[in-house]
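Subject: Structure for your review

Dear colleague,

Please find below the structure that I promised to hand over to you. I would be grateful if you would look through it alongside the notes that follow.

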Amino acid sequence: MKRIYLDYAATTPTHPEVVKAMLPYFTDAFGNPSSIHFHGQEAKGAIEEARVKVANLINARDEEIVFTSGGTEADNFALKGVAFANEDKGNHIITSSIEHHAVIEPCKLLERRGFSVTYLPVDEYGLVEPDEVRRAITDKTIIISVMHANNEVGTIERIAEIGKIAKEAGIYFHTDAVQMVGHIPVDVNELGVDLLSMSAHKLYGPKGVGALYIRKGTKLVAFMHGGEQERRRRASTENLPGVVGFGKAVELAGQEMSEEEKRLTYLRDQLVKGLMERIDHTRLNGHPTMRLPSNVNVSVDYVEGESMVLNLDLEGICASTGSACSSSSLEPSHVLLAMGLSHEQAHGSLRFTLGKWTTEEEIRRALEVLPRIVAKLRAMSPLLKSHR
Ligand code: PLP
């Protein structure tokens, strides 16, 4: 069966050019970047080349990029790093109620360690109101963390406005831009962020590598202690092939991003329109226009998201109910609940995320298959029977 992959927000296939760029770094160019001989220097050169590429993509300086094991580590590093280094200034953190677990869980840990965290509400589209950020600031606030684009519903937050507020108040500002970088232009200066998280496997790079942008002068505790790698901010021998792959993925993204953005927006809108026309009692989750070009998230009344995903899978279509991390749990999405959806609506959510290899034909196929699945599930739905 030919499979149709519509789960690009969970992870992207590695670009063949990225794989090609990585391969020599498993074999001939295997050196440890800390060694001072030929092989070490060759490896070091490759790491620094990748660092420049990543920095250029977000308009940062290369020394402001620290490679990590992924987006989760970048988020943990930003929050714990700033919190533990600035305890003398205060113990208050502001974040939103729709963050990825990679932000929420470190915040919970920090709460257990005596910090206090404000989880800002969002509106029905998943937007954080910048004025709410302003109102939440106290003289103890040391960091604000609001994600750039939500991984479940695709809503793009007003980061530059929040950046201005943070700057005026002299508070560090972090954004989790894992779903944005490589897809939509990101400029750390325009956004006014001090810290920004990225992950390679969301932009056709390899898994297990990412980066944290740290604005020069930001005070934070190193994430790992040991050797002197990454200017002593993150010890451990670098993931050489991974970092090289990340650099190549970023380079390709820079070249292809603007065309891809247009192409995906068109396909996304086709899919949304088709779903609304063909399946009644369906609503689009997330903002209608301020959203990622790749994201379609709908709630279909009287059916379970998991049942739709499993039935789609039987027909060769890979989709998801929300984030990959929560799709194995039966808890309804905290993002959808924060947006005001009922438990039932949240349980009936389905996410399609499109990407580089998505075609119009695949969208047509999804539009043909899903209405059939929904009709079948509704016919046996206790939810629908109890509603009638
Ligand atoms: N933040 C967001 C918004 C994400 O979507 C993800 C991945 O799903 C992460 C963080 C975690 O990134 P990684 O898988 O590289 O640890």
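Helices here are DSSP runs of H or I with at least four residues, strands are runs of E with at least two, and both are numbered from the N terminus. Please bear in mind that this is a predicted model.

Most residues other than glycine have a negative phi. Ser-236, although not a glycine, has a positive phi of about 120°. Its relative accessibility is 35%, so Ser-236 counts as partly exposed.

A positive phi is also found at Tyr-204, another residue other than glycine, where the value is near 70°. Tyr-204 belongs to the loop between β7 (195-199) and β8 (210-214). Is Tyr-204 buried or exposed? Its relative accessibility is 9%, and Tyr-204 therefore counts as buried, since the cut-off for buried is under 20%.

The largest nonpolar core contains 61 residues, and Ile-58, Ile-65, Leu-196, Met-198 and Phe-246 have the most contacts inside it. Helix α9 (residues 240-278) supplies the largest share of this core, namely eight residues. A second, separate core has 28 residues, including Leu-264, Val-298, Val-309 and Val-369. Apart from its neighbours within four places in sequence, Ile-58 touches several residues, among them Ile-65, Val-181, Leu-196, Met-198 and Tyr-213.

Helix α9 also packs with helix α2 (residues 38-57), at an angle of about 35° and with the axes 8 Å apart. The crossing of these two helices, α2 and α9, is left-handed. Residues of α2 including Ala-43, Ile-47, Val-54 and Leu-57 meet residues of α9 including Leu-240, Val-244, Phe-246 and Met-257. The residues of this contact comprise 12 nonpolar, two polar and two charged.

Helix α6 (residues 159-169) has Ile-159, Ile-162, Gly-163, Ile-165 and Ala-166 as its buried residues. They lie on the same side of α6 because they cover an arc of only 165° around the axis. Lys-164, Lys-167 and Glu-168 are exposed on the other side of α6. The packing partners of the buried residues of α6 are α5 (130-136), β5 (141-145), β6 (172-176) and α7 (188-191). Just after α6 comes Gly-170, with a positive phi of about 70°.

Yours sincerely,

A colleague

Definitions and conventions
Residues numbered from 1 in each chain as written. Predicted model: local features only at pLDDT ≥ 70, side-chain atom pairs only at ≥ 80, totals over all residues. Heavy atoms only, no water. Core = buried A, V, L, I, M, F, W, Y, C linked by side-chain atoms within 4.5 Å. Buried < 20%, exposed > 50% of the residue type's maximum accessible area, 1.4 Å probe, protein only. Contact = heavy atoms within 4.5 Å. Axes fitted to C-alpha atoms, helices over the stretch in contact; angles between N-to-C directions. Left-handed = near helix turned anticlockwise from the far one by under 90°. Nonpolar A, V, L, I, M, F, W, Y, C, P; charged D, E, K, R; others polar. Arc of directions from axis to C-beta.
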